[in-house]
Amino acid sequence: MLSPFLYLAVSLAAGVLFSSVLRPPLAVSVAGLLAALASAWMVYLLKKYKTGLALGLLAALFLGMGLYSHAD
């Protein structure tokens, strides 16, 4: 993997962009972040690594949403 942080950066940027366009409340971002992280860990422990990565990137998207909505 040549650039390991590319997917993380794109996911965070997508979360910031999504939050700036739709303006969801902070509680939605926090709930989505906690749900995505919990499900990513459960799936990772079941040795479904690609699904765990996808859910981890979804958690990064919710983190970007929460950081941007908290900054406003």
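Throughout these views, a residue is called buried when its relative accessible area is under 20%, exposed when over 50%, and partly exposed in between (1.4 Å probe, protein chains only). The model is predicted, so local features need pLDDT of at least 70 and side-chain atom pairs count only at pLDDT 80 or more, while totals for chains, interfaces and linings use all residues. Numbering starts from 1 along each chain as its sequence is written, and side-chain values use heavy atoms, with hydrogens and water left out.

View 1. Helices here are DSSP runs (H or I, at least four residues), numbered from the N terminus. Helix α1 covers residues 6-22, and its end C-alpha atoms sit 24 Å apart, which agrees with the 24 Å that 17 residues should span at 1.5 Å a residue. That expected span is 1.5 Å times one less than the number of residues. S11, G15 and S19 are the buried ones in α1. They take up an arc of only 70° around the axis, which puts them on the same side of α1; the arc is that of the directions from the helix axis to the C-beta atoms.

**View 2. S11 up close.** What does S11 touch, leaving out residues up to four places away in sequence? The list is L57, A60 and L61, where contact means heavy atoms within 4.5 Å. S11 belongs to helix α1, and its relative accessible area of 8% is why it counts as buried. Zooming back out, the buried residues of α1 pack against α3.

View 3. R23 follows α1 and sits in the loop between α1 and α2. Its phi is near 55°, a positive value in a residue other than glycine. For background, most residues other than glycine have a negative phi. Is R23 buried or exposed? R23 has 51% relative accessibility, so it counts as exposed.

View 4. Helix α2 runs over residues 26-45, 20 residues in total, and reaches 29 Å from its first C-alpha to its last, close to the 28 Å expected at 1.5 Å a residue. Its buried residues are S29, G32, L33, A36, S39, A40 and V43. Looking down the axis of α2, these fall within an arc of 150°, so they line one face of the helix. Part of the cover over them comes from α3 (49-71). Over on the other side of α2, A27, L34, W41, M42 and L45 are exposed.

View 5. L37, W41, Y44, L45 and Y49 make a nonpolar surface patch of about 590 Å². To join such a patch, a residue needs over 30% relative accessible area and no salt bridge, and nonpolar side chains (Val, Leu, Ile, Met, Phe, Trp, Tyr) are joined within 5 Å. A salt bridge is a side-chain nitrogen of Lys or Arg within 4 Å of a carboxyl oxygen of Asp or Glu. Areas come from the Shrake-Rupley method with a 1.4 Å probe, and for residues only the protein chains shown count as cover. α2 gives the most to the patch, with four residues.

View 6. K47 comes after α2, in the loop between α2 and α3. Phi of K47 is near 65°, a positive value in a residue other than glycine. With 59% relative accessibility, K47 counts as exposed.

Key: Helix = DSSP H or I, 4+ residues; strand = E, 2+ residues; numbered from the N terminus. Patch = residues over 30% accessible without salt bridge, like charges linked within 9 Å, V, L, I, M, F, W, Y side chains within 5 Å.
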